[in-house]
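Please read them with the sequence and coordinates open.

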Amino acid sequence: MDCERCQCQQEDNRTAILYNLLSQNLNHSRGSCSPAHQRCLCHQRRTVCLRTPHVTCQAASDVLVKTVSFMKNLPSFHLLPRGDQLLLLDSCWVPLFLLGLAQEMVTFEVMETPAPSMLKKILLDGQSKRQEPERTQPTLAAVQRLQCCLNTFWSLDLSPKEYAYLKGAILFNPDVPGLRASLYIESLQREAQRALQEVLRPLHPEDQGRFARILLIASTLKSIPPALITDLFFRPIIGNADIVELIAEMLYEITSRQLAPTPRMAL
């Protein structure tokens, strides 16, 4: 489709059909992320939201709880200085959460974000200037990049042990700035990577490049911005709260807390 010929401003009556097709494309093929499947950039830049926020946000919350439980059950993590724990948490929660989504096979659909009417914009214009800035919405292009990351991990078909040791290798990242125990954290990362290699040998003896491929694909998770994950999966639940503060609260103060849907979820 030629973007220069795109007449998006005249296709309001086709919005529902287009986004049904776009949402189906996100879940059509777990290995299909080819540019040939991409739509016009006008569509790529459109903002989207979850089609079924109650279902998807609850699934995401369950994954987040399991992610926190993973950290909570690592004695070596709790031996670190509290400041280092918080730095690692802030740096690594998104890749760990994405690995959880992949492991739990969480799928989701999106639809175009309803645009406010012109009358609503005029009426709220004066108020919005005095209030906090309007939150940004995820774009279709960003969601498709996220979906491609999940598709790639699904194609690897990792075992539970592979996921566990890969999470350890990601969590114990000695390159996070400001760490006090970076040398100890580096040794923990090497230990997790070594354990992953040992698991791979009997599971995939014929695939000598699997270890390097797993680490390479895992590195792509860092390209997913935390704001996208927060806005897409958790903003409908937590509102303006800081997601990292909530995760820290779950990690240190609450044994088994789940993010329960609130009235904000009524969409």
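How exposed is E104, given as relative accessible area? E104 is partly exposed, at 38%; here buried means under 20% relative accessible area, exposed over 50%, and partly exposed in between, with a 1.4 Å probe and protein chains only.

1. Basis of the values. This is a predicted model, in which local features need pLDDT of at least 70 and side-chain atom pairs count only at pLDDT 80 or more, while totals for chains, interfaces and linings use all residues. Residues are numbered from 1 along each chain as its sequence is written, and side-chain values use heavy atoms, with hydrogens and water left out.

2. Fold. The chain holds 12 helices and two strands, arranged along the sequence as α-α-β-α-α-α-β-α-α-α-α-α-α-α. Helices (H or I, at least four residues) and strands (E, at least two) are DSSP runs, numbered from the N terminus.

3. Chain totals. The chain has 267 residues, and 44% of them count as buried. Its accessible surface is about 14,900 Å², with 54% belonging to carbon and sulfur atoms; the areas come from the Shrake-Rupley method with a 1.4 Å probe, and for residues only the protein chains shown count as cover. Among contacts with a separation of 6 or more, 84% are between residues 24 or more positions apart, a contact being heavy atoms within 4.5 Å.

4. Helix α7. This helix covers residues 140-156, 17 residues in total, and spans 25 Å from first C-alpha to last, close to the 24 Å expected at 1.5 Å a residue. The expected span is 1.5 Å times one less than the number of residues. Of the 17 residues in α7, 13 are buried, so the helix is mostly covered.

5. Salt bridges. The whole structure contains seven salt bridges, each defined as a side-chain nitrogen of Lys or Arg within 4 Å of a carboxyl oxygen of Asp or Glu. Side chains of opposite charge can pair when their charged atoms come close.

6. K66 and E104. These two form a salt bridge with the closest N and O atoms 3.3 Å apart. The pair links distant parts of the chain, K66 in helix α3 and E104 in the loop between α5 and β2, 38 residues apart. K66 is partly exposed, at 48% relative accessible area.

7. E109 and R51. The closest N and O atoms of this salt bridge are 3.3 Å apart. E109 lies in the loop between α5 (82-103) and β2 (110-112), and R51 in the loop between β1 (48-50) and α3 (53-72), 58 residues away. E109 is partly exposed at 35%, and R51 is partly exposed at 27%.

8. E162 and R210. This salt bridge has its closest N and O atoms 2.9 Å apart. The pair joins helix α8 (residues 160-171), which holds E162, to helix α10 (residues 210-219), which holds R210, across 48 residues. E162 is buried at 1%, and R210 is buried at 4%.

9. Rings. There are five aromatic pairs in the whole structure, and ring pairs join W93, F97, F108, F233 and F234 into a cluster. Rings of Phe, Tyr and Trp (its six-membered ring) pair if their centres lie within 6.5 Å; planes under 30 degrees apart count as stacked, over 60 as edge-to-face and the rest as tilted.

10. Charges over rings. R82 lies over the face of Y252, 3.8 Å from the ring centre. The charged end of K167 sits over the ring of F70, 5.8 Å from its centre. The criterion is NZ of Lys or CZ of Arg within 6 Å of the ring centre and within 35 degrees of the ring normal.
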